[in-house]
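Hello,

Here is the structure I promised to pass on. Please open it first, then read my notes beside it.

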Amino acid sequence: MRYSLAHIPTLKEAPKDATTVSHVLLLRAGYIRMVGAGIYEMLPLGFRVLSKIANIVRSEMDRSGAQEVLMPALLPREYFEETGRYTLYGDVLMKLKDRKGGEYHLGPTHEEIITDMVRRDVKSYRQLPLNLYQVQTKFRDEPRPRAGLLRCREFTMKDAYSFDATEEGAFKSYEAMRETYHRIFKRLGLDYRIVQADSGAIGGKTSAEFQVLAQSGEDAIVACGSCDYAANVEVAATNPPPAHVGAVPAMEKVETPGKKTIEAVSEFLKVPATETIKALFFRVVWADRVGHALAFVRGDREAHEVKVQNALGALEVVMGSADEAFGVGLFAGYIGPQGLDATKLEILVDREIATGAGFVAGANEKQHHVKHAVFGRDFTGKVVDLRKVVDGDACPSCGKELKTYRGIEGGHIFVLGTHYSSKMNATFLDVEGNAKPFVMGCYGIGVSRLVATAIEQNHDADGIRWPMTIAPYQVIVAAAGKEDDLRAAAESLYEGLRARGVEVLLDDRDERPGVKFKDADLIGIPLRVVVGKKGLAEGKVELKARTEKDALLVPTGDLVDLVVKKIEAAGVRLLPPT
RNA sequence: CGGGGCGUAGCGCAGCCUGGUUAGCGCACCAGACUGGGGGUCUGGGAGUCGUGGGUUCGAAUCCCGCCGCCCCGACCA
């Protein structure tokens, strides 16, 4: 491509609404433009990168034996009604009506549609397993779109769905996808971790997230430096605490006037926070009712709400107010685990408390606490892991230190089981002739999100630094002057590279060299070839990698071969034009 | 949905508090000249429903009310 004919509208200044690195650079370097909140158009460079990522995903999916399909984005209401998700998704669905008043929505994901596709034509276990995928535009009315392509209301997603006859088969399909995702993320040149994750309300039993490490990530994850344990903090565990051995004095009530916080109580009673119990009061929404719960963690710990929610099997948990607590007979600041009525409240006890020695806790009486409260002896409750894992906690798998990171969810794989197939009556006949629901899995990759994610990981003060595999062009060739011989040499290198199948951008604009360098760095082309006066006189041209400080002087005749070698070394196979 | 901020040329901003000729600046854009290895200089030029609707006023970008849009934090989020 000739730069003079290309549409690459770079900006010196970033629009003020952009704050995230990738958002700023995508706008400045002329890859995308905003049309509305969470709605973007892909300019030529943006579309090239998006297509490259999509094609890497496609080639690995195909290699795994999956087949590409294309489902509609415009969906009649009935499909999501079949599984109850029309209401469950609620406002996230982009809803619309046709001229006859028929109700539709734009697809946020396609489990129902694919299940319908399969139930129509797949009747026998002999037709299984099956893995179908698509690369398609999804629509979700996010409560808060943000950070450019990182969280959009319209975005490109690769969604795959596997259908198996048995649970074991489904796990095999899941494992195959995990391997495929590894290959994909490696080819994309991203630094990622595969982490255990919460499956969400409908996820099913097994799931894993492919988290790309980045400061701007919305997700907190923990990973072990010594082994391959990694998890989203929503579900991350730490080594189980050792059980306390030895006698503990009898529980005793003490007066603690006005001491409502852990800090105040531990100072007043001269007891470290590690020997106190913190009470957390929640309002809980289950599928069939609403109620309250108390969660108890050690005074110096934080509980993670998702863990509380999962332990309760709830749809939603919200911290309750002091007034609300009083309504169920609790005194905020003096709440403890003993003497509670388990019929009115769900009681969760973190395992660290269940195995610990005696603790200071609220007495469930104004202005009083108790000392030496022991689980099993003085109080009871459902023992679960509630605590939020923090930097330095022990790895549950090897015991070494865990570290916390920010991550961007680039992919998520699930074993769904028969959740959708049984609701939608999607069955096949097994060897014995019995109708059985398909055992499903689903696998997503946020293709457009990965465009931004790659930039979050690959940039410097001057602009983007694309990995070779997804760069919009592999090389940019520029003459550092407008003399005829410089231009002619640049032209001939351009043609020589194109003949080998290299994707080249020829900066043939009548601009000063500085402008060309600035733009080349900003848009992030991995290799830059500059034809300069001095060099050309010696029969040499400059070759510089975007990630390196210095340029290499190369004999003009060797340039094409060297560039081809560098591109192929980066894992790209070049196909000369036919 | 709660909190905060913003809306003036393609982009970044000033002007608004204290209303008053033709609404300004930088970048970008067009023409010309000089220049030519890290966004160069000069001259001339084009480009604006001041988000939108209403109100106050002799007069509104500026004051008042409503609405819309956008960003950030939180809530939310397969």
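**What I found**

Asparagine 425 is exposed, with a relative accessible area of 59%. That is over the 50% cut-off, so the residue counts as exposed. Please keep in mind that this is a predicted model.

**Two residues with positive phi**

Stay with asparagine 425 for a moment. Its phi is positive, about 55°, although asparagine 425 is not a glycine. Look for asparagine 425 in the loop between helix 11 (419-423) and strand 22 (427-429).

Now go to alanine 147. Alanine 147 also has a positive phi of about 55° and is not a glycine. Its loop lies between strand 7 and strand 8 (154-164). Is alanine 147 buried or exposed? Its relative accessibility is 12%. Buried means under 20%, so alanine 147 counts as buried.

**A cis peptide bond**

Next, find leucine 128 and proline 129. The peptide bond from leucine 128 to proline 129 is cis, and its omega is near 0°. Proline 129 sits in the loop between helix 5 (111-121) and strand 7 (130-139).

**The whole chain**

Step back to see chain A. Chain A has 578 residues, and 50% of them count as buried. Its secondary structure comes to 16 helices and 31 strands. The C-alpha trace spans about 95 × 65 × 45 Å along its principal axes.

Find strand 15, residues 290-298. Why can strand 15 be called largely enclosed by the rest of the structure? Of its 9 residues, 8 are buried, so the rest of the structure largely encloses strand 15.

Strand 15 has a partner in strand 14 (residues 277-285). The two run antiparallel and are joined by 9 bridges. They form a hairpin, with 4 residues between them. To see the pairing, pick phenylalanine 282, which stands opposite alanine 293 in strand 15.

Strand 17 (residues 345-350) pairs with strand 15 as well. Here the strands run parallel, with 5 bridges. One pair to look at is histidine 292, whose bridge partner in strand 17 is leucine 345.

When you trace these strands, remember a general point. In a regular strand the side chains alternate between the two faces of the sheet.

Strand 6 (residues 103-106) is joined to strand 5 (residues 94-97) by 4 bridges, and the two run antiparallel. Lysine 97 stands opposite glutamate 103 in strand 6. Strands 5 and 6 form a hairpin with 5 residues between them. In the turn, glycine 101 has a positive phi of about 90°.

Strand 6 also pairs with strand 4 (residues 74-76). That pairing is antiparallel too, over 3 bridges. Leucine 74 stands opposite leucine 106 in strand 6.

**Around the RNA**

Now turn to RNA strand B. How many residues surround RNA strand B? There are 40, and the closest are Arg85, Glu111, Arg144, Tyr420 and Asp521. Of the atoms of RNA strand B that come within 4 Å of the protein, sugar and phosphate account for 48%.

By class, the surface near RNA strand B has 20 charged, 15 nonpolar and 5 polar residues. Strand 1 (32-36), helix 14 (513-523) and strand 29 (527-531) each supply at least two residues of that surface. Helix 14 gives the most, with 8 residues.

- Lysine 12 lies 2.7 Å from a sugar or linking oxygen of RNA strand B.
- Lysine 482 lies 2.7 Å from a base oxygen of RNA strand B.
- Aspartate 521 lies 2.4 Å from a base nitrogen of RNA strand B.

**The second largest pocket**

Rolling a probe the size of a water molecule over the atoms shows where empty space is left. The second largest pocket has a volume of about 510 Å³. It is lined by 17 residues, and the closest to its centre are Arg187, Gln474, Val572, Arg573 and Leu574.

Which helix gives the most to the lining of the second largest pocket? Helix 2 (residues 44-63) does, with 6 residues. The lining divides into 7 polar, 5 nonpolar and 5 charged residues.

Best wishes

Definitions and conventions
Residues are numbered from 1 along each chain as its sequence is written. Chains are lettered from A and ligands numbered from 1 in the order in which they are written. This is a predicted model: local features need pLDDT of at least 70, side-chain atom pairs count only at pLDDT 80 or more; totals for chains, interfaces and linings use all residues. Side-chain values use heavy atoms; hydrogens and water are left out. Buried means under 20% relative accessible area, exposed over 50%, partly exposed in between (1.4 Å probe, protein chains only). Two strands pair if DSSP finds at least two bridges between them. A residue is near a molecule or strand if one of its heavy atoms lies within 4 Å of it. A polar contact is a pair of N or O atoms within 3.5 Å; within protein, one must be able to donate a hydrogen and the other to accept it, and residues adjacent in sequence count only if both atoms are side-chain atoms. Ala, Val, Leu, Ile, Met, Phe, Trp, Tyr, Cys and Pro count as nonpolar, Asp, Glu, Lys and Arg as charged, and the others, Gly among them, as polar. On a 1 Å grid over the protein atoms alone, a cavity is a set of points where a 1.4 Å probe fits but cannot get out, and a pocket is an open set with protein on both sides within 12 Å along at least five of seven lines; lining residues have an atom within 4 Å of a point. Grid points are joined across faces, edges and corners, and a volume is the space filled by probe spheres set on the points.
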